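Subject: Structure handover

Hi there,

Here is the structure I promised to pass on. My notes on it follow below, with the cut-offs spelled out so that you can check them.

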Amino acid sequence: MTVDHFMSVVFEETRSALLVGCVFVYKNAIIAKADNQVNVTKNATRHAEFVCIDQTCNAIKDNKKI
Ligand SMILES: [Zn+2]
């Protein structure tokens, strides 16, 4: 995978009006991806990167191989 591929996934995730998206890459694979969800959830902590952190933490808690 290339950085261009990972960035294309970021743009796919960027659906919100704020046009912010995020992907986490580990060992050349996407392990989390999200867009900004602050307006949708009315929760100021729902930045794309925090949503990705939550996805990663949940995967670790569920003992998913990442
Ligand atoms: Zn942010």
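Which residue of E2 does Phe24 stand opposite? The residue facing Phe24 is Ala32. I will come back to that strand pair in a moment.

First, the ground rules. This is a predicted model, in which local features need pLDDT of at least 70 and side-chain atom pairs count only at pLDDT 80 or more, while totals for chains, interfaces and linings use all residues. Residues are numbered from 1 along each chain as its sequence is written.

On confidence (pLDDT is the predictor's confidence in each residue, from 0 to 100), the chain has a mean of 87, and 91% of its residues reach 70 or more. Helix H1 (residues 3–13) has the lowest confidence, at a mean of 85, and H3 the highest, at 94.

**Overall layout**

The chain holds three helices and two strands. Read from the N terminus, the order is α-β-β-α-α. The C-alpha atoms fill a box of roughly 30 × 30 × 10 Å along the principal axes.

Of the 66 residues, 17% count as buried. Here a residue is buried if 20 or more other C-beta atoms lie within 10 Å of its own, exposed if 12 or fewer, and partly exposed in between, with C-beta atoms placed from the backbone. As for contacts (C-beta atoms, placed from the backbone, within 7 Å), 23% of those with a separation of 6 or more join residues 24 or more positions apart.

**The hairpin**

E1 and E2 pair in the antiparallel sense over six bridges; pairing requires at least two DSSP bridges between the strands. One of the bridges joins Gly21 to Asp35 in E2. The two strands form a hairpin with two residues between them. Lys27 lies in that loop and has a positive phi of about 50° although it is not a glycine. Lys27 is exposed, with 6 other C-beta atoms within 10 Å.

Val25, in strand E1, counts as partly exposed, with 15 C-beta neighbours inside 10 Å. Leaving out residues up to four places away in sequence, Val25 touches Phe6 and Ile30. Phe6 is 19 residues from Val25 in sequence, and their C-alpha atoms are 7.9 Å apart.

**The core and H3**

The largest nonpolar core has seven residues: Cys22, Val23, Ala32, Ala34, Ala48, Val51 and Cys52. By nonpolar core I mean a set of buried Ala, Val, Leu, Ile, Met, Phe, Trp, Tyr and Cys residues joined through C-beta atoms within 7 Å. Strand E1 (21–26), strand E2 (29–35) and helix H3 (48–61) each supply at least two of its residues, and H3 gives the most, with three.

The buried residues of H3 are Ala48, Val51 and Cys52. Seen down the helix axis, they fall within an arc of 100°, so they line one face of H3; the arc is taken from the directions between the axis and the C-beta atoms. An α-helix has 3.6 residues a turn, so residues three or four places apart point the same way. E1 and E2 are among the elements that cover the buried residues of H3, while Cys57, Ile60 and Lys61 are exposed on its other side.

Ala48 is in contact with Val20, Gly21, Cys22, Ala34, Asp35 and Asn36, leaving aside neighbours within four places in sequence.

Lys42 is found in the loop between helix H2 (38–41) and H3 and counts as exposed, with 8 C-beta neighbours inside 10 Å. Just after H3, Asn63 takes a positive phi of about 60°.

Happy to talk any of this through.

Best wishes

Conventions
Helix = DSSP H or I, 4+ residues; strand = E, 2+ residues; numbered from the N terminus. Contact = placed C-beta atoms within 7 Å.
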